[in-house]
Amino acid sequence: MRIEWITVEWCLPPKLRPISGSDAPVILDVHVAWHSAPRLYGSPCRRLRDPVGDRLSGLAVRHADAVRTISPYTTGLVRDLGLEPAGVFPAFMDLEPFLGSGVPLPTPPRALFVGVLEHYKGIDELAEAWRVVASRLPGVTLHLVGLGTRKEVVERLVAELPEQTEWTE
């Protein structure tokens, strides 16, 4: 089998070639701001490695054979490094399933959140809103799945509304 190209999202392209056993060009897709995405997850101690991560991410962009972006924002990040993206591929969502007639809610109604329990995901706002919903609709349940630095928000919500809130770590 001949590999014609390798598409990666935030991997150091020069290091990928020996691993792949190919000299195929490496195309780097930039989906997020490399200097902010690692700061959004996990322990605050991760910030200690930010300067190194920023430098390595910049190297990844500069050493890729081609760079593709998904938005004017990510295009600007690449241009700030003095490079021109080979292409821009906007994110796409098929809205068709949401345009038809609705389906009835399950009995009893349930809401689901799956994601990291971090401030930028709006977990505090969800908890605040769920308290209002739960008081108005006694038979509903919110099931949260995830871990993160804001887990105390979910622990409080489960303690306050144990019949209407479930959490899976």
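## Strand β7 and residue T165

Leaving aside neighbours within four places in sequence, T165 is in contact with W130, L142, L144, L157 and V158, where contact means heavy atoms within 4.5 Å. T165 lies in strand β7, which covers residues 165-168. Helices (H or I, at least four residues) and strands (E, at least two) are DSSP runs, numbered from the N terminus. T165 counts as buried because its relative accessibility is 3%. The term buried stands for under 20% relative accessible area, exposed for over 50%, and partly exposed for values in between, with a 1.4 Å probe and protein chains only.

## Basis of the description

This is a predicted model, in which local features need pLDDT of at least 70 and side-chain atom pairs count only at pLDDT 80 or more, while totals for chains, interfaces and linings use all residues. Residues are numbered from 1 along each chain as its sequence is written, and side-chain values use heavy atoms, with hydrogens and water left out.

## Overall organisation

The chain contains 6 helices and 7 strands. Along the sequence they follow the pattern β-α-β-α-β-α-β-α-β-α-β-α-β.

Of the 169 residues in the chain, 29% are buried. Among contacts between residues at least 6 apart in sequence, 51% join residues at least 24 apart.

## Helix α3

Which residues of helix α3 are buried? In this helix, residues 72-80, they are T74, T75, L77 and V78. Seen down the axis of α3, these buried residues fall within an arc of 155 degrees, so they line one face of the helix. The arc is that of the directions from the helix axis to the C-beta atoms.

The buried residues of α3 pack against β2 (26-30), α2 (50-63), β3 (66-69) and β4 (87-88). On the face turned away from the buried side, α3 carries the exposed residues P72, Y73 and D80. After α3 comes G82, whose phi is positive, near 85 degrees.

V114 belongs to strand β5, residues 110-114. V114 counts as exposed because its relative accessibility is 59%. V114 and V145 are 31 residues apart in sequence, yet in space their C-alpha atoms are 4.7 Å apart.

H143 is found in strand β6, residues 141-145. Apart from residues up to four places away in sequence, H143 touches R110, A111, L112, F113, E166 and T168. With two of these residues, the side chain of H143 also makes polar contacts: one of 3.4 Å with the side chain of R110, and one of 2.8 Å with the side chain of T168. A polar contact is a pair of N or O atoms within 3.5 Å; within protein, one must be able to donate a hydrogen and the other to accept it, and residues adjacent in sequence count only if both atoms are side-chain atoms.

## Salt bridges

How many salt bridges does the structure hold? There are 6, a salt bridge being a side-chain nitrogen of Lys or Arg within 4 Å of a carboxyl oxygen of Asp or Glu. One of them joins the side chains of R131 and E160, at 2.6 Å from N to O. This pair links distant parts of the chain, as R131 is in helix α5 (residues 123-136) and E160 is in helix α6 (residues 151-160), 29 residues apart. R131 is partly exposed, with a relative accessible area of 29%, and E160 is partly exposed at 43% relative accessibility.

The side chains of E152 and R150 also meet in a salt bridge, at 2.6 Å from N to O. Salt bridges that share partners join D124, R150 and E152 into one network. E152 is partly exposed at 28% relative accessibility, and R150 is partly exposed at 22%. A further salt bridge connects the side chains of E84 and R79, at 2.6 Å from N to O. Here E84 is exposed, with a relative accessible area of 54%, whereas R79 is partly exposed at 46% relative accessibility.

## Aromatic rings

R68 lies over the face of F89, at 4.8 Å from the ring centre. A charge sits over a ring if NZ of Lys or CZ of Arg is within 6 Å of the ring centre and within 35 degrees of the ring normal.
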